[in-house]
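Here is a short briefing on one protein chain. Keep the structure open while you read.

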Amino acid sequence: MKQFIVTFLFIATATILTSCASKQVDLQKMKSEDRLYTGKMLLNLNGKTNKDLTCDVFLNIDLNPAFRLSPDGFYYFKTNRKKLNLNKITCMFNIDGKNKWVSNYFNFEKLSKEKNEHFVTSLGVINAKWTIKPEDVERPATQFANDTKEKLSEIGQFEYDVKPNLEENKNFIKNAISGLAEPQYSFNEKIFKINEDAE
């Protein structure tokens, strides 16, 4: 019975996250403080790439993910935050024959949002490589992405860089959101800088 409850909760959680990640943005319902962001993230986790992975990406210290990693890497989200960064990535990882959530962190400096509500900001393309060895996962891992108990975080070797990708990101979000057209909306790009002072 306990196993059934855990399995049910896991499926329900995954369904909610997937729904949130794929939810369309209605431009007519956006508030004046909301801003749109788009980008691309490509991850290699122990040789597996986006299409073979289930990963969620979080802003700042949020408990709920901003988006779920897509097979082609493209994403968009809206937020009213005055300053933001992509803070954490959490992925399903097989440990002892069971899928568990493991996480790692980006050391990005926060970006300030545009004053103009009709600006769409591209965050470039993030290329990340995450290597997890068997000895890195000998501790128990959580089964829920936003559970802070017995969580496997900052494990393995995590490397990443950020490069410009304005045109590709712009074409993606214009096709993804109806009505997002120039000249009513303007597009710019802000590239995350790595915080060298972060440990």
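A search of the whole structure, which is a predicted model, finds one disulfide. C55 and C91 form this bond, with their sulfur atoms 2.2 Å apart.

**Disulfide**

- The torsion about the S-S bond of C55 and C91 is about 110 degrees, so the disulfide is right-handed.
- C55 sits in strand β2 (residues 55-59) and C91 in strand β6 (residues 86-95), so the bond ties together parts that are 36 residues apart in sequence.
- C55 counts as buried because its relative accessibility is 0%.
- C91 is also at 0% relative accessibility, so C91 counts as buried.

**Overall fold**

- The protein has two helices and 12 strands.
- Along the sequence, the elements follow the pattern α-β-β-β-β-β-β-β-β-β-β-β-α-β.
- The protein has 199 residues, and 42% of them are buried.
- Take the contacts between residues at least 6 apart in sequence: 74% of them join residues at least 24 apart.

**Nonpolar cores**

- The largest nonpolar core holds 34 residues. M41, L43, F77, L86, I89, F106 and W130 touch the most other members.
- Two or more residues of this core come from each of β1 (35-45), β2, β4 (74-79), β6, β9 (119-131) and β11 (157-163).
- Strand β6 gives the most to this core, with five residues.
- Which residues does F77 contact, leaving aside its neighbours within four places in sequence? They are R35, L36, Y37, L59, A66, F67, L84, L86 and L123.
- A second, separate core has 11 residues. Among them are L27, M30, I173 and L180.

**A five-stranded sheet**

- Five strands form an open sheet in the order β3-β2-β6-β7-β10. The pairing is mixed.
- β3 (67-68) and β10 (152-153) stand at the edges. Each has a single partner strand, so one side of each is left without a neighbour in the sheet.
- Strands of a sheet pair through backbone hydrogen bonds, in parallel or antiparallel fashion.
- β2 and β3 run antiparallel and are joined by two bridges.
- V57 stands opposite F67 in β3.

**Salt bridges**

- How many salt bridges does the structure hold? There are eight.
- Side chains of opposite charge can pair when their charged atoms come close.

*D56 and R68*

- The side chains of D56 and R68 meet in a salt bridge, at 2.8 Å from N to O.
- D56 lies in strand β2 and R68 in strand β3, so this pair ties together parts that are 12 residues apart in sequence.
- Are these two residues buried or exposed? Both D56 and R68 are buried.

*R81 and D62*

- R81 and D62 form a salt bridge through their side chains, at 2.1 Å from N to O.
- This pair links distant parts of the chain, 19 residues apart. R81 is in the loop between β4 and β5 (83-84), and D62 is in the loop between β2 and β3.
- R81 counts as partly exposed because its relative accessibility is 28%.
- D62 has a relative accessible area of 25%, so D62 is partly exposed.

*E167 and K170*

- E167 forms a salt bridge with K170, and their closest N and O atoms are 3.6 Å apart.
- The two are three residues apart in helix α2 (residues 166-176), so about one helical turn separates E167 from K170.
- Relative accessibility is 47% for E167, so E167 counts as partly exposed.
- K170 counts as buried because its relative accessibility is 12%, and buried means under 20%.
- A network of salt bridges links E167, K170, K174 and E182.

Terms used. Residues are numbered from 1 along each chain as its sequence is written. This is a predicted model: local features need pLDDT of at least 70, side-chain atom pairs count only at pLDDT 80 or more; totals for chains, interfaces and linings use all residues. Side-chain values use heavy atoms; hydrogens and water are left out. Helices (H or I, at least four residues) and strands (E, at least two) are DSSP runs, numbered from the N terminus. Buried means under 20% relative accessible area, exposed over 50%, partly exposed in between (1.4 Å probe, protein chains only). Contact means heavy atoms within 4.5 Å. A disulfide is a pair of cysteine sulfur atoms within 2.5 Å. A nonpolar core is a set of buried Ala, Val, Leu, Ile, Met, Phe, Trp, Tyr and Cys residues joined through side-chain atoms within 4.5 Å. Two strands pair if DSSP finds at least two bridges between them. A salt bridge is a side-chain nitrogen of Lys or Arg within 4 Å of a carboxyl oxygen of Asp or Glu.
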